[in-house]
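Please open the structure in your viewer and keep the selection panel at hand. The tour begins at a single residue and then widens to what surrounds it.

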Protein chains: 2
Amino acid sequence: MTYEAPIRDMMFNLDHLSQWPQVSALEKYREIDRTDARAALEELGRFCTDLIAPLSSVGDTTGARLDGDKVVLPEAFATAYAQFVDMGWQSLAHPVDHGGMGLPRVVGAAATEILNAADMSFGLCPLLTDGAIDALQLSGTEAQKELYLRPLVSGRWTGTMNLTEPQAGSDLGRVRCKAEPRADGSYGVSGTKIFITYGAHELSENIIHLVLARTPGAPDGHRGLSLFLVPKFLVDQDGTPGDRNSVNCVSIEHKLGVRASPTAVLEYDNATGYLIGEENRGLEYMFTMMNAARFAVGVQGVAVSERAYQHALSYAKERVQGQAIGLAPDKTTAIIGHPDVRRMVLRMRALVEGGRSLSMAAAGWLDLSQNGDDDICAETAPVAEFLVPLVKAFCSERAVEVASLGVQIHGGMGFIEETGVAQFYRDARILPIYEGTTAIQANDLLGRKVLRDAGQTARRFSAMIADTEAALQTGSAKLQDIAARLGEARAAFDASLAWLLETAPNDPRAAFGGSVPFLNLTGTLAAGWQLARGARAAEAELQRGNETGFMAQKITTVQIFAHHILVECESDRARIMTGATSLLDEASQV
Amino acid sequence: MTYEAPIRDMMFNLDHLSQWPQVSALEKYREIDRTDARAALEELGRFCTDLIAPLSSVGDTTGARLDGDKVVLPEAFATAYAQFVDMGWQSLAHPVDHGGMGLPRVVGAAATEILNAADMSFGLCPLLTDGAIDALQLSGTEAQKELYLRPLVSGRWTGTMNLTEPQAGSDLGRVRCKAEPRADGSYGVSGTKIFITYGAHELSENIIHLVLARTPGAPDGHRGLSLFLVPKFLVDQDGTPGDRNSVNCVSIEHKLGVRASPTAVLEYDNATGYLIGEENRGLEYMFTMMNAARFAVGVQGVAVSERAYQHALSYAKERVQGQAIGLAPDKTTAIIGHPDVRRMVLRMRALVEGGRSLSMAAAGWLDLSQNGDDDICAETAPVAEFLVPLVKAFCSERAVEVASLGVQIHGGMGFIEETGVAQFYRDARILPIYEGTTAIQANDLLGRKVLRDAGQTARRFSAMIADTEAALQTGSAKLQDIAARLGEARAAFDASLAWLLETAPNDPRAAFGGSVPFLNLTGTLAAGWQLARGARAAEAELQRGNETGFMAQKITTVQIFAHHILVECESDRARIMTGATSLLDEASQV
């Protein structure tokens with residue numbers, strides 16, 4: 001189960017799609033140049049190829065198990081995690097003043113991809129820690145930051161998000177967990193939280209749980225939730241973990257995939273917790289963490305897709321079977337020679353590269369919107385926020401498709417667990433569910449990012465795509481062809497947008513019945529747009545004679561995306577604009 | 001994990017889509033009426049609800065294992081199989097003169113669906129026995145039929161298909177297994193066969209293996225394959241199983257799904273085999289068996305889809321979460337109230353009912369083409385053969401989609417194995433692979449069923465759809481709307497067909513690069529066509545005041561299919577007609 005980090009494509013995206021000149025000009029990143037970024041990614045790539053990628057089948061086979069109140073992971077995980085911490089990988093995209101390497105988010109996105117491609121089960125632990133760091137940094141007191149940030153940034157401690165309860169999944173308004181204030185200023189947190197990723201394990205010296213709970217007399221629903229920091233081991237003033245807090249893992253789940261990532265049920269029994277920020281603003285703080293996590297889940301989608309793609313390509317070039325139609329008999333009969341196997345491999349590649357371009361471009365906007373001055377922030381924040389649900393949904397839904405294509409290319413062998421590719425199909429399946437299902441992303445896109453500003457950002461998005469089309473029209477026939485397909489997909493978007501803006505006020509059910517098709521359409525268009533920008537950059541490089549093989553292949557991959565994937569936008573438009581009548585017809589009796 | 005057989009919808013399909021009047025008028029089926037059919041399906045439904053459906057989670061958890069040279073299945077399987085045989089279910093669609101109930105194939109298709117919905121792992125055993133019965137009946141000697149058919153038809157013995165070898169998967173020309181003639185007229189069969197479903201088990205008194213092998217001096221490739229009958233226990237002249245034959249199970253596979261269905265590696269070591277039919281015509285005989293098996297795999301797709309749908313619908317109506325947008329606050333907040341959950345549930349329903357209509361209609365054509373007089377046969381055989389790859393591919397690929405939607409509707413719970421719906425996602429994944437991958441079905445459709453007769457049958461298929469559109473145009477506004485969508489999908493088919501007929505002679509790689517999109521388009525169109533016929537029948541019943549709730553719902557389901565699924569045909573057309581240039585561009589460097 002080998003894996004090689006796709007550094008070349010990552011650097012292409014960084015150079016051409018991530019607004020690198022603006023990002024690296026930010027005060028925060030002034031010390032960083034692309035050589036540092038490349039060096040870090042290459043070293044992480046080697047580390048992951050050697051140490052993390054071999055964990056994935058071990059972790060899948062052995063899984064996590066509960067022994068008493070301890071979660072036992074395969075032994076290799078402890079060794080690998082210790083080395084991960086030693087090499088400082090957790091700190092890669094965190095601020096220098098808390099011990100981080102201080103690389104921008106766009107480099108962090110590439111690093112997250114590499115780690116999760118090597119093993120999603122392993123990668124989930126740092127991913128959740130990243131989220132806890134973000135939330136603390138944004139909303140914690142100075143004392144909390146002082147005490148908790150450095151060990152989290154180093155990876156010596158890990159973090160979790162505690163939102164879900166049995167009756168409160170997508171609907172956090174139903175959270176019942178309680179927090180009673182104590183005389184010393186701390187709170188006694190009680191209740192049951194489920195689906196807590198890495199909620200219990202022995203990899204790190206401490207676990208910092210961020211927990212949504214209600215203080216006495218808090219309002220019902222979303223507005224009465226506060227955020228608490230609940231350490232597994234209570235921390236002395238000097239930062240040393242001491243007494244065990246009363247939060248216990250009572251069971252872990254038996255899951256379809258990511259089996260070495262322990263998914264815990266945690267019981268809080270008057271556990272000592274500390275309020276983060278102000279009371280009743282917990283959901284707002286959690287959203288910061290969730291937005292970062294949603295983006296990261298999209299990147300996990302690119303990761304598992306890339307891994308599945310590498311395996312499928314390699315198998316397709318090795319496995320000899322049948323005679324390739326239309327090729328001379330002395331030509332190879334490896335199955336890649338069959339037109340449909342070639343189609344599947346190239347479709348996988350186009351989806352992987354589309355997802356990577358979308359997520360790395362979005363990371364650039366996020367960097368600018370979070371670290372730029374007020375003008376930059378006002379300019380970039382709406383676009384960055386518009387792109388987050390697209391990254392989450394496009395990359396996660398497509399990961400399921402890509403992993404499934406990977407199984408298909410392996411034929412009967414794909415269905416045998418030892419081949420390893422069925423694992424990607426199982427692992428990927430959680431991506432469109434956790435950190436907000438695809439439907440939740442669709443509500444976010446349509447409700448918060450489109451209807452709330454009456455389509456202003458959506459129209460700007462469309463206009464930026466039109467600009468890209470115009471630029472491509474001045475290029476080669478291939479670029480013009482890509483521009484034409486992009487234009488068709490954009491027209492489908494524009495028509496859907498107009499319909500949704502008109503329909504939503506009077507018939508919200510009809511509008512929201514089309515929310516997922518709209519999300520799919522928009523995500524596909526956004527990925528196609530970024531790839532199209534890439535094709536233009538590639539043609540410029542080609543004309544300069546730089547890396548002609550890579551650049552020519554990039555342009556072809558974008559064409560594959562245009563011909564085989566962008567064409568799906570039109571069917572989503574039809575679903576949105578004509579599908580509501582049948583969808584809501586009461587004769588359906590559901 | 002409850003399951004209820006969808007008898008009402010099955011009878012609707014039998015009455016209105018399966019050409020029942022012509023089928024039941026065939027000499028062979030003259031004794032059968034629809035009351036018999038309904039009674040048999042209802043009784044099978046009860047049997048499966050009570051005895052087979054509870055097996056699916058047991059079988060998945062326990063799986064099959066090899067103990068010495070014996071395959072051990074969960075105990076409940078042996079009890080259930082014994083009752084299955086006692087009640088005569090194996091014999092349902094087999095001829096009366098070999099002990100069968102003699103029901104037509106269209107009823108057999110419904111029975112196969114019920115059994116496989118209850119448990120695919122269990123259902124695979126009778127499915128393979130059905131195939132062995134078909135092959136023996138068509139190509140066996142009278143003596144072979146006398147000796148083997150009755151115990152197979154009763155289910156006391158089971159059958160297997162032995163095609164695949166490690167180097168010979170989709171490419172059977174590479175089969176190496178040998179068969180040496182002996183003085184007594186039998187053959188000594190030697191070699192290794194892999195992926196043999198129910199190749200070893202203890203459920204039945206004997207296993208009849210049908211094995212592709214080469215006699216000495218046989219031509220290379222496909223033309224040198226002969227078919228042999230190799231019993232697990234050699235059979236006396238009076239039909240009693242005696243000595244153990246030298247065929248042994250050396251391992252079974254650890255699979256993604258259908259885990260209680262043992263997938264065996266069989267070693268034949270000079271095992272005693274008997275030639276079926278003539279030497280070197282083995283592939284031709286096997287094709288009979290394979291066509292029946294391909295059709296049956298399509299039906300398995302409908303089966304697992306129906307099971308996933310029943311679970312998702314039930315969960316969506318029970319799980320309370322969030323407030324449904326656009327509904328009064330006092331309205332239900334079960335998640336089915338959310339427009340996108342409703343969309344997913346109804347999409348599942350439309351795909352299930354579309355698959356059922358397509359397969360039951362195809363079963364009617366198959367019945368007529370195999371049992372009608374020469375005129376009926378000449379009229380129906382080309383259409384029946386055209387439909388087989390569509391049934392296999394549409395129903396199997398859509399089963400993966402439907403099972404995945406079922407997981408999505410369950411949210412986080414869908415990813416937990418105990419919920420049970422992840423199993424359908426795992427089980428379904430084999431369907432587009434075994435009995436010929438989707439690409440193999442696409443080669444069959446484009447190569448044998450379209451190009452070979454220069455598009456004649458394909459044009460007839462299109463003309464029949466146009467007739468259905470014309471009939472719908474005389475109906476209600478809903479029917480006219482369905483007709484319009486069907487017409488758009490048919491136009492996409494016609495354009496693709498014209499392009500493929502023109503392109504294939506000069507550029508076969510370009511044509512076959514579009515073979516899977518063409519198969520998807522054609523299968524979707526065919527299912528939509530059958531549903532549209534159903535909508536028309538439902539409107540007629542509605543006007544007569546019959547079962548108005550069911551009939552109105554059927555029409556809406558067809559509209560859902562038209563608005564949300566038929567619209568995909570246009571993107572497949574675009575892929576076929578413009579996708580070949582990028583697909584075959586050498587810059588892709590694969």
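Select Ser588(B) first, in the segment that follows helix H20 (580-584) of chain B, where helices are DSSP runs of H or I with at least four residues, numbered from the N terminus. The model is a predicted one, in which local features need pLDDT of at least 70 and side-chain atom pairs count only at pLDDT 80 or more, while totals for chains, interfaces and linings use all residues. Residues are numbered from 1 along each chain as its sequence is written, chains are lettered from A and ligands numbered from 1 in the order in which they are written, and side-chain values use heavy atoms, with hydrogens and water left out.

Ser588(B) is buried, with a relative accessible area of 1%, buried being under 20% with a 1.4 Å probe and protein chains only. Now show the residues that Ser588(B) touches, leaving aside those up to four places away in sequence: Arg342(A), Leu346(A), Arg349(A), Gln553(A), Thr556(A) and Ser582(B), contact meaning heavy atoms within 4.5 Å.

Next, colour the contact between the chains, to which chain B and chain A bring 91 residues each.

Finally, select Arg575(B) and Glu568(A), which form a salt bridge with their closest N and O atoms 2.6 Å apart, the rule asking for a side-chain nitrogen of Lys or Arg within 4 Å of a carboxyl oxygen of Asp or Glu.

Conventions:
Helices (H or I, at least four residues) and strands (E, at least two) are DSSP runs, numbered from the N terminus. Buried means under 20% relative accessible area, exposed over 50%, partly exposed in between (1.4 Å probe, protein chains only).
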